[in-house]
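Dear colleague,

I am handing over the structure we spoke about, and my notes on it follow below. Please read them beside the coordinates.

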Amino acid sequence: VTINGKAAFVYYISPSQVNVLAPPDALNGSVPLVVTVNGAASAAFNVNSGGVAPALFTFDGSNVAATHADGSLIGPTQLYPGATTPARPGETVILYGTGFGPTNPPVVAGSAQQTGILSPPPTFTIGGAPATVQYAGLVFPGEYQFNVVVPPNAASGNQPVAGTINGRSTPSGAVIAVQGQ
């Protein structure tokens with residue numbers, strides 16, 4: 001797969017789907033994408049490319065993919081019975097996302113191992129209140145990790161979560177389960 005003439009990192013292929021990470025320097029705007037199979041190239045079709053398009057991963061379309069510091073899953077108890085528990089106000093939680101932009105050091109095109117810090121880090125809100133970001137960086141190709149403190153006054157229930165970087169925000173609809181003392 002090439003995007004704007006540059007090789008994309010292919011990480012999943014099935015009979016009906018190909019998942020790729022765009023090269024870090026694919027430019028912004030509408031760019032051509034070409035898929036080549038057994039030496040036969042598809043016709044180019046245009047896709048939108050942007051340096052920053054932040055999004056949070058979710059378990060089910062709304063509950064953010066998040067863990068407690070011990071690695072156990074965060075979510076309403078009924079999300080994955082016996083496996084998910086809500087976050088607590090004041091707790092440091094780990095959120096995961098993609099599309100948050102350039103890191104320091106920069107991403108290495110085509111590498112299966114990626115690391116780097118976002119500087120400055122994105123801002124996050126939980127339940128509309130600012131959440132302290134303790135860490136923001138790339139941990140795998142296309143996957144960012146955010147260690148974020150749930151605001152101490154966060155109300156119980158499913159609270160909206162939003163991240164913003166370089167003036168771009170994550171899509172609305174993401175929530176994190178919180179249970180007060």
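How much accessible surface does the protein chain have, and what share of it belongs to carbon and sulfur atoms? The accessible surface comes to about 9,600 Å², and 56% of it belongs to carbon and sulfur atoms; accessible areas here come from the Shrake-Rupley method with a 1.4 Å probe, and for residues only the protein chains shown count as cover.

Before the details, a word on the basis: this is a predicted model, in which local features need pLDDT of at least 70 and side-chain atom pairs count only at pLDDT 80 or more, while totals for chains, interfaces and linings use all residues. Residues are numbered from 1 along each chain as its sequence is written, and side-chain values use heavy atoms, with hydrogens and water left out.

On the overall architecture, the protein chain has zero helices and 20 strands, where helices (H or I, at least four residues) and strands (E, at least two) are DSSP runs numbered from the N terminus. Its C-alpha atoms fill a box of roughly 60 × 35 × 25 Å along the principal axes. Of its 181 residues, 36% count as buried, a class that means under 20% relative accessible area, with exposed over 50% and partly exposed in between (1.4 Å probe, protein chains only). Among contacts (heavy atoms within 4.5 Å) between residues at least 6 apart in sequence, 51% join residues at least 24 apart.

On the surface, V10, I13 and V18 form a nonpolar patch with about 250 Å² of accessible area together. V10 lies in strand β3, residues 9-14, and counts as partly exposed because its relative accessibility is 34%.

The backbone deserves a look in the loops. The peptide bond from N104 to P105 is cis, with omega near 0°, and P105 lies in the loop between β13 (92-98) and β14 (116-117). A cis peptide bond also joins S119 and P120, with omega about 0°; P120 lies in the loop between β14 and β15 (123-126).

Positive phi values occur at N4, near 55°, and at N166, about 50°.

Technical notes
Patches are made of residues with over 30% relative accessible area and no salt bridge: like charges are joined within 9 Å, nonpolar side chains (Val, Leu, Ile, Met, Phe, Trp, Tyr) within 5 Å. A salt bridge is a side-chain nitrogen of Lys or Arg within 4 Å of a carboxyl oxygen of Asp or Glu.
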